Amino acid sequence: MPGIDDALLIFTDLDGTLLDSHTYEWQPAAEWLERLQQKQIPVILCSSKTAAEMLALQKTLGLQGLPLIAENGAVIQLDEHWQDHENYPRLINGASHDEIVTVLTQLREKSGDKFTLFSELDERALSEVTGLTPAQANLAHLHEASETLIWRDSDERMAAFEKTLAGLGLRFVQGARYWHVLDERGGKDQAVNWLTRQYRQQEGKTFTTVGLGDGPNDAPLLDNVDFAVVVKGLNRDGVTLRRDEPERVYRTELKGPAGWREGLDHLLGEGSSSSTDQT
């Protein structure tokens, strides 16, 4: 088990994990966020959201200046102290948003698949669909290297659609509520590993990595960290991991930010090394 005084990196999903999926409440996690900040342990947000959305959330959560992983790994914001890095301030992985939207609209015209792109919805419509405020919806429109869509067709057609995208070098990723398309050169797994290497190079030491997530699109993140917390989520399929050893993975009883707190209580709280592992 890791300890609070170890060299740690915390990678966390947002919706359904650090944030409540419906209310976007995060206060149950506040005590841990403050404690990690006091220990100077980076909390790296990792989400399907746009970088613009996540930079605003960083300020709300007191995490400004830290790296973040946006658009499921297609966009990586670097630490504000890495200004001499060749990729500063932001690394974009693969095809641009406009290129991906062009591919998606052409495929829909050809196949007749039923789906709606976020970029096709105006600010008001996107607010109604997502529950975001108009200002938040405006930030959600600012994709740089992926597109979010609302699938309105059958599972069979979805499987065929995913296969077609793969043939074009694109990933089709299931989030907590929506689907996301990005270049196969992006991904939460690549982004987590890349940032971990950057921290090791910048700080000159090895870090123990902890990941927290609740949805299928978090599996690549959770499979590529030393210790994983699967926060109880809403998805019917749950989260399937390749590395699901009980000494590495903890599955929470609580949802959202309360589950986030439960996971860190288990891994890093006092007496955590003697806690009973939950499978």
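Visitor: How many bridges join strand E7 to strand E9?
Guide: Four bridges join E7 (residues 146-151) to E9 (residues 179-183), and these strands run antiparallel. Strands (E, at least two residues) and helices (H or I, at least four) are DSSP runs, numbered from the N terminus. As for pairing, two strands pair if DSSP finds at least two bridges between them.

Visitor: And what am I looking at?
Guide: This is a predicted model: local features need pLDDT of at least 70, side-chain atom pairs count only at pLDDT 80 or more, and totals for chains, interfaces and linings use all residues. Residues are numbered from 1 along each chain as its sequence is written, and side-chain values use heavy atoms, with hydrogens and water left out.

Visitor: Thanks! Which residue stands opposite Trp179 of E9?
Guide: That is leucine 149.

Visitor: In what order do the strands of that open sheet come?
Guide: The order is E6-E7-E9-E8, with antiparallel pairing. E6 (115-117) and E8 (170-174) stand at the edges with a single partner strand each, so one side of each has no neighbour in the sheet. On average, neighbouring strands are turned by 30° against each other, direction ignored.

Visitor: Which helix packs on this sheet?
Guide: Helix H6 (residues 155-167) does, touching E6, E7, E8 and E9, and its direction makes about 145° with that of E8. Contact means heavy atoms within 4.5 Å. For angles, axes are lines fitted to C-alpha atoms, for helices over the stretch in contact, and values run from 0 to 180 degrees between N-to-C directions.

Visitor: Back to E7. Is glutamate 147 buried or exposed?
Guide: Glutamate 147, which lies in E7, is buried, as its relative accessible area is 0%. Buried means under 20% relative accessible area, exposed over 50%, and partly exposed in between (1.4 Å probe, protein chains only).

Visitor: What does the side chain of glutamate 147 pair up with?
Guide: A polar contact of 2.5 Å joins the side chain of glutamate 147 to that of serine 119. A polar contact is a pair of N or O atoms within 3.5 Å; within protein, one must be able to donate a hydrogen and the other to accept it, and residues adjacent in sequence count only if both atoms are side-chain atoms. Glutamate 147 also has phenylalanine 118 at 7.2 Å, C-alpha to C-alpha, although they are 29 residues apart in sequence.

Visitor: New topic: how many residues of E1 are buried?
Guide: Five of its five. Leu8, Ile10 and Thr12 lie on one side, with Leu9 and Phe11 on the other. In a regular strand, side chains alternate between the two faces of the sheet.

Visitor: Which strands does E1 join?
Guide: E1 runs parallel to E10 (residues 208-213), with five bridges, and parallel to E2 (residues 43-46), with three. Leucine 8 has threonine 208 in E10 as its bridge partner, while isoleucine 10 has valine 43 in E2. From E1 the chain crosses through H1 to E2, a right-handed β-α-β crossover. Right-handed means that, with the strands pointing away from the viewer, the path from the first strand over the helix to the second runs clockwise.

Visitor: Where does serine 21 lie?
Guide: Serine 21 lies in the loop between E1 (8-12) and H1 (30-38). Serine 21 is buried, with a relative accessible area of 10%. A polar atom of its side chain lies 3.4 Å from the backbone nitrogen of glycine 16.
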